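Hi,

Here is the structure I promised to pass on. Have a look at it first, then read my notes below.

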Amino acid sequence: GLLGSGSDVPAAGEAPAPPPPVAWYPFDVVEGGRSPDRLDTNRFAGGVARVVPGRLGQAAEFNGDDEVQCGNVGRFSRTAPFSLAFWLQPGAAVSR
């Protein structure tokens with residue numbers, strides 16, 4: 001998924017320009033439970049269990065109890081606006 005943050009204020013009557021992404025984890029490659037950030041080769045998302053065929057290429061598979069840690073991505077507080085984009089395909093429903 002892509003993560004971005006920004007606070008540029010557009011001129012009156014103009015649409016705001018989207019901020020550039022600060023991270024991109026396509027989850028098409030996972031080694032040792034980590035997937036690389038395509039925008040910063042020194043950063044990884046951890047906690048990715050396995051890769052399966054996805055909508056486009058490969059995708060991360062989660063069981064409903066998994067989590068992904070992206071570390072210190074972006075410089076914003078928890079109350080600052082940010083965006084997160086991802087495509088989700090739910091699997092079969094299972095009872096717990």
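A word on confidence before anything else: pLDDT is the predictor's confidence in each residue, on a scale from 0 to 100. You'll want that in mind, as this is a predicted model. The protein averages a pLDDT of 80, with 89% of its residues at 70 or more. Going element by element, the lowest mean belongs to strand S1 (residues 2-5), at 54, and the highest to strand S3 (residues 34-36), at 90.

Let's start with Asp37, in the loop between S3 and strand S4 (44-46). Is Asp37 buried or exposed? Its relative accessibility is 2%, so it counts as buried. What does its side chain do in there? One partner is Arg43: the two side chains make a polar contact of 2.8 Å. A polar atom of the Asp37 side chain also sits 2.9 Å from the backbone nitrogen of Trp24. Setting aside residues up to four places away in sequence, Asp37 touches Val22, Ala23, Trp24, Tyr25, Arg43 and Phe44.

Besides the contact with Asp37, the Arg43 side chain has a polar atom 2.7 Å from the backbone oxygen of Val22. If you leave out neighbours within four places in sequence, the residues in contact with Arg43 are Val22, Ala23, Tyr25, Pro36, Asp37, Cys70, Asn72 and Val73. Val22, Ala23 and Tyr25 are therefore on the contact lists of both Asp37 and Arg43, by the criterion of heavy atoms within 4.5 Å.

Next, strand S5 (residues 50-53), which includes Arg50. How exposed is Arg50? With a relative accessible area of 47%, it is partly exposed. Its side chain is joined to that of Glu61 by a polar contact of 2.6 Å. Again not counting residues up to four places away in sequence, Arg50 touches Ala59, Ala60 and Glu61. One more pairing to look at is Arg50 with Val30: they are 20 residues apart along the chain, and their C-alpha atoms are separated by 6.9 Å.

**The largest pocket**

The largest pocket has a volume of about 1,400 Å³. S1, S5, strand S6 (58-61) and strand S7 (82-85) each supply at least two residues of the lining, and the largest share, four residues, comes from S6. Do remember that S1 has the lowest mean pLDDT among the elements when you look at its part of the lining.

Phe27 is in the loop between strand S2 (21-24) and S3, and it is buried, with a relative accessible area of 14%. Most residues other than glycine have a negative phi.

Over to you!

Definitions and conventions:
Residues are numbered from 1 along each chain as its sequence is written. Side-chain values use heavy atoms; hydrogens and water are left out. Buried means under 20% relative accessible area, exposed over 50%, partly exposed in between (1.4 Å probe, protein chains only). A polar contact is a pair of N or O atoms within 3.5 Å; within protein, one must be able to donate a hydrogen and the other to accept it, and residues adjacent in sequence count only if both atoms are side-chain atoms. On a 1 Å grid over the protein atoms alone, a cavity is a set of points where a 1.4 Å probe fits but cannot get out, and a pocket is an open set with protein on both sides within 12 Å along at least five of seven lines; lining residues have an atom within 4 Å of a point. Grid points are joined across faces, edges and corners, and a volume is the space filled by probe spheres set on the points.
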